[in-house]
Amino acid sequence: MARLSQLGVTEHAHRAERTCLGCGARDDKDKLLRLAVTDQDQLRVDSYRGRGGYLHRDPSCHKAFVNRKGHYRAFHVEISRTAKAKLIDDLAERDWE
Ligand SMILES: [Zn+2]
């Protein structure tokens, strides 16, 4: 008989997972940046305000995010490539641990 821990049931039961807008993978919420879109079609890293989406801190995810086209359900609006590129520029200047 398989134990629950082997099936991953106990580990995943209470974990908050979000989908990365870059690579599309689900991951622990704590490993993802929360993005928010403002009324001026600008993107920013913001944990609380606005409509949010999630993104890894990995530069390859940032690049994938910029290059993706279309409507993001997470934001409920179309995000311009300019806004995405600006956010990624801001992220690139940050020092992540
Ligand atoms: Zn990712």
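Reader: Does Val45 count as buried, partly exposed or exposed?
Author: A residue is buried if 20 or more other C-beta atoms lie within 10 Å of its own, exposed if 12 or fewer, and partly exposed in between, with C-beta atoms placed from the backbone. Val45 has 13 other C-beta atoms within 10 Å, so the class for Val45 is partly exposed.

Reader: Before we go on, what kind of model is this, and from which number are residues counted?
Author: This is a predicted model, where local features need pLDDT of at least 70 and side-chain atom pairs count only at pLDDT 80 or more, while totals for chains, interfaces and linings use all residues. Along each chain, in the order its sequence is written, residue numbers start from 1.

Reader: In what order do the strands of the open sheet stand?
Author: Two strands pair if DSSP finds at least two bridges between them. E3 and E5 are antiparallel partners with six bridges, and Arg51 of E5 is the bridge partner of Val37. The sheet has three strands with antiparallel pairing, in the order E4-E3-E5.

Reader: Which strands stand at the edges of this sheet?
Author: Each edge strand has a single partner strand, so one side of it is left without a neighbour in the sheet. Those edge strands are E4 (43-45) and E5.

Reader: In the hairpin of E3 and E4, which residue takes a positive phi?
Author: This hairpin has five residues between its strands. A positive phi near 60° is found there at Asp41.

Reader: How are H3 and H4 arranged: roughly parallel, roughly antiparallel, roughly perpendicular or oblique?
Author: Axes are lines fitted to C-alpha atoms, for helices over the stretch in contact, and angles run from 0 to 180 degrees between N-to-C directions. Angles under 35 degrees count as roughly parallel, over 145 as roughly antiparallel, 65 to 115 as roughly perpendicular and the rest as oblique. H3 and H4 (residues 81-92) pack at about 165°, with axes 9 Å apart. The two helices are therefore roughly antiparallel.

Reader: Which residues of H3 make the contact with H4?
Author: On the H4 side, the contact uses Arg81, Lys84, Ala85, Ile88 and Leu91. On the H3 side, it uses His62, Phe65 and Val66.

Reader: How far apart in space are the C-alpha atoms of Asp58 and Cys23?
Author: Asp58 lies in the loop between E5 and H3, and with 14 other C-beta atoms within 10 Å Asp58 is partly exposed. Asp58 and Cys23 are 35 residues apart in sequence, yet their C-alpha atoms are separated in space by 9.6 Å.

Reader: Is Arg15 buried or exposed?
Author: Arg15 sits in the loop between helix H2 (9-12) and strand E1 (17-19). Because Arg15 has 11 other C-beta atoms within 10 Å, Arg15 is exposed.

Reader: What share of the protein's residues count as buried?
Author: The protein has four helices and seven strands. Of its 97 residues, the share that counts as buried is 16%.

Note on methods: Contact = placed C-beta atoms within 7 Å.
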